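Here is a friendly walk through one packing arrangement. Please have a look at the sequence and the model first.

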Amino acid sequence: MNRQGTKPPRRRAEPVPKPDDVTEQVWCDWQQLRKAKRAPVTDTVVQGARAEAAKAGMTLEAFLQLWCIRGSQGLQAAWLKPAELPPGQRLPAANTHKHAAAAATIFDGVWDA
């Protein structure tokens, strides 16, 4: 707040350009979904979506399209159902034990012979 007790005007972030590997239609649909969910479209979000698409073995276009179909605010590769993955693609099974990540780090390569 300034001295007059009013908030300064908020600056809008620059719009994120459409990735070259996404069609105009899917990009507009995805941006509209993000707007409806009041979730900003940032470079970080797009990079995260690209990383999750790669984990799922999908193109960014297909991943964003599925995201729009689901209508969710976010989407991770681990949340995809087998029928939503490309043919022949399976996600690695996640070890959900609370100490799995620590054990994997500590014991990485210990039993490899």
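Which residues does F63 touch, not counting residues up to four places away in sequence? In this predicted model, F63 touches A49, E52, A53, M58, L75, Q76, A77 and L80.

Some of these partners belong to a helix pair. On the helix 2 side, V45, A49, R50, E52 and A53 take part, and they meet L60, F63, L64 and W67 of helix 3. By type, the residues of this contact split into seven nonpolar, two charged and no polar. Here is the pair, side by side:

| Helix | Residues | Contact residues |
|---|---|---|
| Helix 2 | 43-56 | V45, A49, R50, E52, A53 |
| Helix 3 | 60-70 | L60, F63, L64, W67 |

How are the two helices oriented? Their axes lie 9 Å apart and the packing angle is about 105 degrees. Angles of 65 to 115 degrees count as roughly perpendicular, so helix 2 and helix 3 are roughly perpendicular to each other.

Now for the core. The largest nonpolar core has 20 residues, and those that touch the most other members are W27, F63, L64, W67 and L80. Helix 1 (24-36), helix 2 and helix 3 are the elements that give two or more residues to this core. Helix 3 gives the most, with five residues.

Helix 3 has these buried residues: L60, E61, F63, L64, L66 and W67. Their cover includes helix 1 and helix 2. Just after helix 3 comes G71, with a positive phi of about 70 degrees.

Terms used:
Residues are numbered from 1 along each chain as its sequence is written. This is a predicted model: local features need pLDDT of at least 70, side-chain atom pairs count only at pLDDT 80 or more; totals for chains, interfaces and linings use all residues. Side-chain values use heavy atoms; hydrogens and water are left out. Axes are lines fitted to C-alpha atoms, for helices over the stretch in contact, and angles run from 0 to 180 degrees between N-to-C directions. Helices (H or I, at least four residues) and strands (E, at least two) are DSSP runs, numbered from the N terminus. Angles under 35 degrees count as roughly parallel, over 145 as roughly antiparallel, 65 to 115 as roughly perpendicular and the rest as oblique. Contact means heavy atoms within 4.5 Å. Ala, Val, Leu, Ile, Met, Phe, Trp, Tyr, Cys and Pro count as nonpolar, Asp, Glu, Lys and Arg as charged, and the others, Gly among them, as polar. A nonpolar core is a set of buried Ala, Val, Leu, Ile, Met, Phe, Trp, Tyr and Cys residues joined through side-chain atoms within 4.5 Å. Buried means under 20% relative accessible area, exposed over 50%, partly exposed in between (1.4 Å probe, protein chains only).
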